[in-house]
Every structure is written in structure tokens, then in C-alpha cells.
Amino acid sequence: MYENYYGLTSKPFQLTPDPSFFFGSKWHKRAMSYLQYGLSQAEGFIVITGDIGTGKTTIANSLLHDMQEGIVAAQIVSPKLSPDELVKMVASKFNVPVKGSTKSDILNDLEAFLMALHNQGKRALLLVDEAQNLPLETIEELRMLSNFQAAGKPLLQSFLLGQEELQPILRAPNMEQFRQRIVASCHLAPLTDVECQGYIEYRMQHAGWDGRALFSTEAYDRIFQFTHGIPRKINALMDRILLFGFLEELETFDEDAVESVIKEVSDEMFLPEKQAQTQAKAKGILDGATEDGQIKDVEYYKTMLTELVDALDNAISHKIKLTRYIDRLLQKKYKTYVRLKSDD
Ligand SMILES: Nc1ncnc2c1ncn2[C@@H]1O[C@H](COP(=O)(O)OP(=O)(O)OP(=O)(O)O)[C@@H](O)[C@H]1O
Ligand SMILES: [Mg+2]
């Protein structure tokens, strides 16, 4: 609708992840490098986590888009699959027939398929998106699938992408065997303010924008403030900003224009209650948390627990350092003792 008005050839802020619009922010580039690294290792699991809308599926699609030769990749977007359903799903993604077969038949056929790939000098990759939905036992089944091997290398490698909830699942005590097979993991953070502007400009340019200044610095600041640098939120807001500009016949956008759109969309985009809380938080009203006896939202407790986990991690690594130091000290003392003893 607004494309012609702003000299664009396509819509710059579609919500569907499109690899051709891939913007390499620091964390997106890092996640891609980890996936590439995982591919080069040809074994082990790579885990990418990130908040809702930060770009996990986009990264998965970009990887599939640029897939090197010799790798046969399949992607599953997992609802809550049981271990048996996972095996069926994986097999059918690789076109291994599953209808009327028992689980052990399917596993045999899958292994035969993977072996045939191996004999052709190829290997298989499974990208599991929305992996936070997988029950523990299904992740365990995934690990079992990585036990199909030839010449000491697994025939099937898997990458897991999921929202933050995936982290506590993988931290569970009985996931140790899986954890030991993770070769790299990375958490996608939202874009910084500088990246947010870069992201908007990149997508606009990719949609045919001629580069003339459209947004004031304050407008960019306000967009970042409202979206917290989360790409999906940026896309949704930017689409409405451009529509607003077209309807109001704006040549450029200042902070007020952005503010008008934010007012319009805030009710549609987010739960009003949450928005009110976020704004209150920004003003420091909720700082100090439960002193007023109020029960806070889930995010508050999640943040608190994450901080607690970080603090415990720090304490543990501190203890490890201290123990190593004491070990070294004891060894030194022991050596001195032995030397003195032999001098006697
Ligand atoms: N690096 C990026 N470059 C270009 N666009 C991006 C990037 N990251 C995210 N986006 C855009 O943001 C939107 C949300 O991305 P995506 O669907 O990949 O997020 P997600 O992390 O998979 O979300 P969810 O947690 O809901 O599954 C998409 O429209 C996508 O095009
Ligand atoms: Mg996704």
C-alpha cells in the first residue's frame, strides 16, 4: 500500500522470516558462526536460545538457504512431540516411509537411509525449531538418534533452536549425557540501539529504499525504546509507521509521528496490563519489587531466578578457582617439605 509512496519495490517489514532479509547483528552473526562451526565438526549438538521474536527461525532458514553441498537437511518445528512421534516425524522429514511401521522398523529404515547417505559421501542434519516444547524424554530420544554412527562419526547431527525455556530443560540433572554432547550454545540477545537503526535501514534498502533520510534520530530512539530491539516487534511497528506516513502524507518521520503510531498500536500489539507494568517499571515504580506485598508478573520472577542462577554460577566458578589455588599452594608446600626433608 505504502510501497510506491516511499519508492519501495516490496514490503520491508514482513513478519515471515525471509533469509534474503537476513541482517547480521552481533548475536545473529555469532549464532550463525556457531551453527557453521557445528556443521564443520559434523558431530554434537548446537543449541541456540533467544527471547520470543529475536530471530531463531530466521537463522534456521538462513542456514538452510545457504546449505553446503553434501548435507541433506530437514527442519522440524516441534509441538509437544513424544519420543515415538519424534522418531516418526524425523523419518518422514527424510522421506523414510512410516505408515503402518512399528518404531523399531522405522528406526531400522532410518538407519539404512542414513547409511545410504553416508555411502554417497553425504550426511544428514536435523534442525529442531521451537525446541522448548520438547519433553525431556524426547530430547533424550534425539540424543539416541545421534548414536547411529559410521566410522566413529554420527550419521545424523541435530541443531536445537528454542525460546529461553529451553535452558532450564537442558540444565535438568538427568540431561547430563545430552549436555556433554553440546559442542556450542549461544543466546540471541535483542538488537542494540545502534543495531536497531542498522536493521531498519538494512531492511528498507533491501526493499528498494533510495537512502534519503526518512527518520530523525529521536524517531529511531523512540522505536528502539518501544520495541526493546526485538526484531519482530520492530517489524510490526515499522509496518504501521510506514502505513501511517502514507495515510498522513509524511515525507519524513519525527518522534511525534512515531509516538502517534505507538499510541495507536500499543493496545493491539501488547496486553495493556503488561504495557502499563513495563512503563511503570521504566519509571522505577516497580523497583524494589514485592515490598508493597504485590504479586509480580512471571517475567519478574524469571529475571530474579536468572540472576540467582548467574550468581550461583559465579560463586561456583569462584570456588573452583579457590580450590585450584589451594591445590597449587599445597603442592608447593609439599615440594618444599620434600626438599627440606632430603636436605636433612
Ligand atoms: N537477523 C535478522 N535479520 C532480518 N530479519 C530478522 C532477523 N531476526 C529476526 N528477524 C525478523 O524478525 C521476525 C521474527 O523472527 P523469527 O520468527 O525468526 O523469531 P523467533 O526467534 O523464531 O521467534 P519465536 O520465538 O516466536 O519462534 C521475522 O519477521 C524476521 O524476519
Ligand atoms: Mg521461531
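Reader: At what angle do helix α3 (residues 83-93) and helix α4 (residues 103-119) pack, and how far apart are their axes?
Author: Bear in mind that this is a predicted model. For a helix pair, take the angle and the axis distance together: α3 and α4 pack at about 35 degrees, with 10 Å between their axes. The crossing of α3 past α4 is left-handed.

Reader: Which residues of α3 and α4 meet there?
Author: From α3 you have Asp84, Val87, Lys88, Val90 and Ala91, and across from them in α4 are Lys103, Ile106, Leu107, Asp109 and Leu110. Sorted by class, that contact of α3 with α4 has 6 nonpolar and 4 charged residues, with no polar ones.

Reader: And how does α3 pack with helix α5 (residues 136-145)?
Author: Here the angle is about 45 degrees and the axes are 8 Å apart. On the α3 side the contact uses Pro83, Leu86, Val87 and Val90, while α5 brings Glu137, Thr138, Glu141, Leu142 and Leu145.

Reader: What angle do α8 and helix α10 (residues 231-247) make?
Author: About 55 degrees, with axes 11 Å apart. That makes α8 oblique to α10. Handedness comes next: α8 passes α10 in a right-handed crossing. Cys196, Tyr199 and Ile200 of α8 touch Pro231, Ile234 and Met238 of α10. By class, the contact of α8 with α10 has 6 nonpolar residues, and no polar or charged ones.

Reader: Which residues are closest to ligand 1?
Author: Phe23, Gly55, Thr57, Thr58 and Pro231, out of 20 that surround ligand 1. Pro231 also belongs to the α10 side of the contact with α8. Both α2 (56-65) and α10 supply at least two residues each to the shell. The shell around ligand 1 splits into 7 nonpolar, 10 polar and 3 charged residues.

Reader: Where is confidence lowest, and where is it highest?
Author: Begin with the overall picture: the chain averages a pLDDT of 87, and 91% of the residues score at least 70. Helix α12 (residues 272-282) is lowest at a mean of 50, and helix α8 (residues 193-206) highest at 97. Over residues 282-291, pLDDT stays under 50, and the model has 7 contacts beyond four places in sequence for them.

Conventions
Residues numbered from 1 in each chain as written. Chains lettered and ligands numbered in written order. Predicted model: local features only at pLDDT ≥ 70, side-chain atom pairs only at ≥ 80, totals over all residues. pLDDT = per-residue confidence, 0-100. Helix = DSSP H or I, 4+ residues; strand = E, 2+ residues; numbered from the N terminus. Contact = placed C-beta atoms within 7 Å. Axes fitted to C-alpha atoms, helices over the stretch in contact; angles between N-to-C directions. Parallel < 35°, antiparallel > 145°, perpendicular 65-115°, else oblique. Left-handed = near helix turned anticlockwise from the far one by under 90°. Nonpolar A, V, L, I, M, F, W, Y, C, P; charged D, E, K, R; others polar. Near = placed C-beta within 6 Å.
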